[in-house]
Amino acid sequence: MSLSVPVAAVLLFMLGSALAAAALRDVVGSIVAFAGYSFGVAVLWALLRAPDVALTEAAVGAGITTVLFLLTIARTSVSRSERFEGISLRSGLAVVAIVVTVGATVPALPPVGAAGTPVLAGDVSQYYLTNAYDQTGVTNVVTAVLVGYRGFDTLGEVAVVFAAGIAMLLVLRREAFV
């Protein structure tokens with residue numbers, strides 16, 4: 001599997017953010033690093049041509065979740081030194097095992113966008129590519145799939161983002177920032 005330079009840069013950023021989120025001794029710093037990781041995931045989805053997933057990840061993962069984490073930390077009364085536990089050897093080994101497993105799996109994946117990938121050569125993809133324009137009347141096949149064929153899924157994603165935004169506004173309205 002070959003990686004483009006932008007995808008490799010985003011993956012490195014995500015790896016650095018994930019390691020920082022796990023290794024930082026400061027909870028606020030870890031939350032900010034986690035927000036950076038989520039933002040990296042959103043950018044990666046955008047680079048992989050999944051803009052709806054990218055927008056959802058940016059709004060919920062990097063935005064709303066970060067604000068809720070920061071509000072939770074601001075509302076706790078635990079002293080700064082008691083907020084963070086150390087990383088045990090078992091946890092570190094589990095992380096290393098996951099990284100090795102993912103690292104061994106990713107090179108086996110087909111290249112993104114290659115003509116011979118099973119996703120593009122499959123019957124479902126060929127059906128969409130052949131019939132999307134005529135059946136939906138939309139001039140973009142991605143939009144046709146998102147709105148025409150997966151309309152309920154897209155509606156569900158929009159509902160999740162809307163519900164998360166409303167919940168955050170309700171929490172922020174109840175908070176008194178002094």
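Predicted model: local features only at pLDDT ≥ 70, side-chain atom pairs only at ≥ 80, totals over all residues.

Residues are numbered from 1 along each chain as its sequence is written, and side-chain values use heavy atoms, with hydrogens and water left out.

**Helix pairs**

Two packed helices are described by the angle between their axes and the distance between the axes. Axes here are lines fitted to C-alpha atoms, for helices over the stretch in contact, and angles run from 0 to 180 degrees between N-to-C directions. Helices are DSSP runs (H or I, at least four residues), numbered from the N terminus.

| Pair | Angle | Axis distance |
|---|---|---|
| Helix 1 and helix 2 (residues 27-47) | about 160° | 8 Å |
| Helix 3 (residues 51-75) and helix 8 (residues 151-174) | about 20° | 10 Å |

Helix 1 and helix 2 are therefore roughly antiparallel (an angle over 145 degrees). Their crossing is left-handed (the near helix is turned anticlockwise from the far one by less than a right angle). In helix 1, the residues that meet helix 2 include Pro 6, Val 7, Val 10 and Met 14. On the helix 2 side, Ser 30, Phe 34, Val 43 and Leu 47 are among them. The residues of this contact divide into 16 nonpolar, four polar and no charged. Here Ala, Val, Leu, Ile, Met, Phe, Trp, Tyr, Cys and Pro count as nonpolar, Asp, Glu, Lys and Arg as charged, and the others, Gly among them, as polar.

Helix 3 and helix 8 are roughly parallel (an angle under 35 degrees). Helix 3 also passes helix 8 in a left-handed crossing. Helix 3 brings residues including Asp 52, Thr 56, Ile 64 and Leu 71. Helix 8 meets them with residues including Glu 157, Gly 165, Met 168 and Leu 172. This contact of helix 3 with helix 8 divides into 11 nonpolar, two polar and two charged residues.

**Residues of helix 1**

Which residues does Ser 17 contact, leaving aside its neighbours within four places in sequence? They are Ala 33, Gly 36 and Tyr 37 (contact means heavy atoms within 4.5 Å). Ser 17 lies in helix 1 (residues 5-23). Its relative accessible area is 8%, so Ser 17 is buried (under 20%; exposed is over 50%, partly exposed in between, with a 1.4 Å probe and protein chains only).

Leu 11 is also in helix 1. Its relative accessibility is 33%, so Leu 11 is partly exposed. Beyond four places in sequence, Leu 11 contacts Leu 3 and Leu 44. Leu 11 and Leu 44 are 33 residues apart along the chain, with 7.7 Å between their C-alpha atoms.

Phe 13 belongs to helix 1 too. With a relative accessible area of 44%, Phe 13 is partly exposed. Phe 13 touches Gly 36 and Gly 40, not counting residues up to four places away in sequence. From Phe 13 to Val 41, the C-alpha distance is 9.6 Å, across 28 residues in sequence.

**Aromatic rings**

How many aromatic pairs does the whole structure hold? The search finds four (rings of Phe, Tyr and Trp, its six-membered ring, pair if their centres lie within 6.5 Å). Phe 34, Tyr 37 and Phe 69 form one aromatic cluster.

Conventions: Helix = DSSP H or I, 4+ residues; strand = E, 2+ residues; numbered from the N terminus. Parallel < 35°, antiparallel > 145°, perpendicular 65-115°, else oblique. Phe/Tyr/Trp six-rings, centres within 6.5 Å; stacked < 30°, edge-to-face > 60°.
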